[in-house]
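Visitor: I am new to this structure. Please show it to me, and I will ask as we go.

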Amino acid sequence: MKKLIILFVFVAFGFTAEAQEKGSVLIQNATVISITDGDLEDTDVLIRDGVIQEIGKDLRAPRGVETVDATGKYLMPGIIDAHSHLNGVDINEGRNVVTAEVTMEESVDPNDVGIYHALAGGATTIHLMHGSANVIGGQGETLKLRYGVSQEGMKFEDAPRTIKFALGENPTRVHGQGNGVQPRTRMGVEQVIRGHFDEALDYKRKREAYLSAKEQYDRRGRGTPPVPVAENLRFEVLNDIIEGEILVHCHSYRSDEILMLMRVFNDYGVENYTFQHANEAFKVAPELAKNGAHTSVFSDWWAYKFEVYYSTAYNASILNANGVINSINSDNNQLLRTLNHEASKVVRYGNTTVNDALKMITLHPAIQLGIDDRVGSIEEGKDGDVVVWSGHPFSIYSKAEMTFVDGKKYFDLENDPDDMRIQINPGTDFEDGSNYREIVSSRDEDACMQDAFILFQN
Amino acid sequence: MRKHILLLALLFSGFSLQAIQAQTTPAHALKNITIHNADGSVTESATIVWRDGVIEAVGKNVTIPFDAFEIDGGDSLHVYPGFIDGFSTWGSPEPPRNLPELDNPGDPPYDRAGIQPERKPSVLLTEDKTFEAGMKAGFTSAALYPNGYMLPGQVEVFYLAPATESIGLLKENLALAGSFEPAPGGWGNGAYPSTMMGVMAQFRQVMFDATALQQHMKYYAQNPEMPAPKRDQVLEALFPLVNKTTPLYFEVDTKEHIERLLKLQDEFGFSAVVVSGKEAYAKSAELKRRNIPVLASIDFTEAPDWYTKMNKAEESDKEDEEESSEEMEEISEEEQSYRDKRIEAWKAEVTNIKKLMDAGVSVGYASAGLELKDLSKKLEILLDEGGLTESDAVKLMTSNTASILGLGNTLGTLTKGKNASFTVFDKAMSEDKAKVLHSISNGTIHEFEGN
């Protein structure tokens, strides 16, 4: 523990890449759930310096590399949650309809003990998202659950940028009904997106014209100088979306608004996007597949507000059968710890194959976050983010026994102290601070609306 | 010709008038005192002579000028260089309450967003009993800024006086104040930015806007045929930050917040001073590398009761020992492990300043919200548990702070040519119930006897 703190203190800002710990381990005789190459019986996986170096039989441990005997156990890729608010300092910058300029990268709390709890459930990567109060919310941040490192050290290196969009009731209630500004209706939501894209394109034209005129004027020193056009952070980000540099993750429920956004994106040439929640996506599965859109859904959660009444537990299976890349997400810190159970429900309800259901919490979220070249399956050359399970991860009796990120063990059931907090407030008494085990948060709130519920009352 | 003579005559009279004035301003001499210097040394039976707010002589064998008004300390008074508060809102008007409802909270006017870099304490200073209380605690000067939010205003340094109208401006345009504080109004009536990530983004945006306005003004000055810039006092107040000519005094405590500030510094290149910085020790190497000083808060968390009790028990006789060990037995293993971690966290907090000093970071003092009534209690923690000696603490609050504020040539030590700002105590500060009798601020004597 002390070591963790010391490490934590000495990880210098800006030099985290070097300081980041990568581990080596040889896991032997496991049933390896590779995701991309079936289940491999009695197989060894060698991770060296954070990367899966070899998968095979009877591998030898290089000198100094620890071995783990996983006879009778399962090894699967670390679970990836494409929709989490696990350790955000703030979730919603809910005071404007469009806040593309804010980013969860600057709202990461690396000390949240929930990170450890998630590791204990076999999760290794999360997509830390902005909330759903705004039509265009803030940018997201893909994090590896390296508990005990700095906020910089948690970042999934070189992961593509992402951003949150939100349709339907949340933005219309917060802004239209709460603040009396557009949008009050679903029609308004569409116009907010189109209006801002148009404005952003207009800004880009003006800004580029200014910069080139300025360059000419400064070089020649004659003529009339241009009137400066200030750099605009919000419009810069919106242009990056239009240019395909940012993956859009859109909070949505109804099929009509899903179709609406695909129309809008087709008009502006936006191509890479995932519909989050998307409870009615099954109704438009062929259209989603045609557009190459992805979905990230709950296994069986609905009816928590009006727009989520029309739902089915077959959603994921229908999407999968239609060729839509679909993931199962948590949007909740407790569910994040049991995403394997959530995925198994897809098998139970819709008869999706076990491997396809496993993809929904590994390879598919990786694709949706643009990190599938690094994680999401057990393949040579991919990151050593793996989990040893006591039995098949879809069995209710199985437990995650060890969780590795970059080959480094961050969770070990054998060595799992009660109090794994790394940040203790010196002003908090034991009696008040002893609720650190209280990790089961209630499910009656929409985590996407964290910090923003009160705005409804305005 | 005639004009010339007139001018000459004027010049002459001017000169002579000034000379006479200089002659007639009497000196003050305080003799037979014990001086506690900022470097930790102590001079006994010393004298200090000052005139017009400037120290003329100080030391053991000082000739007192014939015109000096003499005060005899009778070898019982203790003189310390005036303490300097490196960052404080003394005399600031309270931020307005009952904010009017906004038509569009997403695009509020600058003041509602907490962006007020044009505000100057020298313009806004109001009556505040804290000034006198501060002098009674040994402070003679302070860097003040207006109470506010993300960019609350400018930092200026003042000589203190009990009455607000007598407070003298020593240095303006010292710095801009900043924090990650979101816009006021809370849930009911808040505005953008309402989160820390919003503040980060909005900080960047106003810097971009100020950059563009400055460029426009520059172009316009040379090309009056072009459209005129829309002048804006808020953005114009940010020009020195854009141009990196004024530092940003930024109030941050956690390691993560300090990292966020460093990120902004990387983007805009301004020089920064960390204010408060309770976890600054965790970034000491980086702060040193970047040459960022810390105006540190000593507003420590109170030690846990059981820790205080345990310490007392250790100090007192064996009689109490039994009692305390009984108490210890009642604790579960789990609670004991929590206590160990908690005290580790508490010690990390109180040794912050010491660790920064050891790492070679320049550390000064800022009340940064600490109330004066708590000052002596917190100083006690700093000395007992924080690893600082009394002279370290004096240095922290005098010469260290002065040099961070860029006023090392004027304030912070009692030497010839420096400003006459010091405090006279009835006994050494470290002794029980030491009381301030006089405070000399910029050469003016303020008496607090009978208080």
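Visitor: How many bridges join strand 2 of chain B to strand 3 of chain B?
Guide: This is a predicted model, where local features need pLDDT of at least 70, side-chain atom pairs count only at pLDDT 80 or more, and totals for chains, interfaces and linings use all residues. Residues are numbered from 1 along each chain as its sequence is written, with chains lettered from A and ligands numbered from 1 in the order in which they are written. Strands (E, at least two residues) and helices (H or I, at least four) are DSSP runs, numbered from the N terminus. Strand 2 (residues 42-51) and strand 3 of chain B run antiparallel, and the bridges joining them number five.

Visitor: Which residue of strand 3 of chain B stands opposite B:Val49?
Guide: Two strands pair if DSSP finds at least two bridges between them. Opposite B:Val49 stands B:Ala57.

Visitor: Which are the edge strands of the open sheet in chain B?
Guide: The sheet has seven strands, in the order 3-2-1-4-13-14-15, with mixed pairing. An edge strand here pairs on one side only. That gives strand 3 (54-59) and strand 15 (444-447) of chain B.

Visitor: What span is expected for helix 6 of chain A?
Guide: The expected span is 1.5 Å times one less than the number of residues. Helix 6 (residues 186-220) of chain A has 35 residues. From first C-alpha to last, helix 6 of chain A reaches 51 Å, close to the expected 51 Å.

Visitor: Which residue follows helix 6 of chain A?
Guide: Its phi is positive, near 70 degrees. The residue is A:Gly221.
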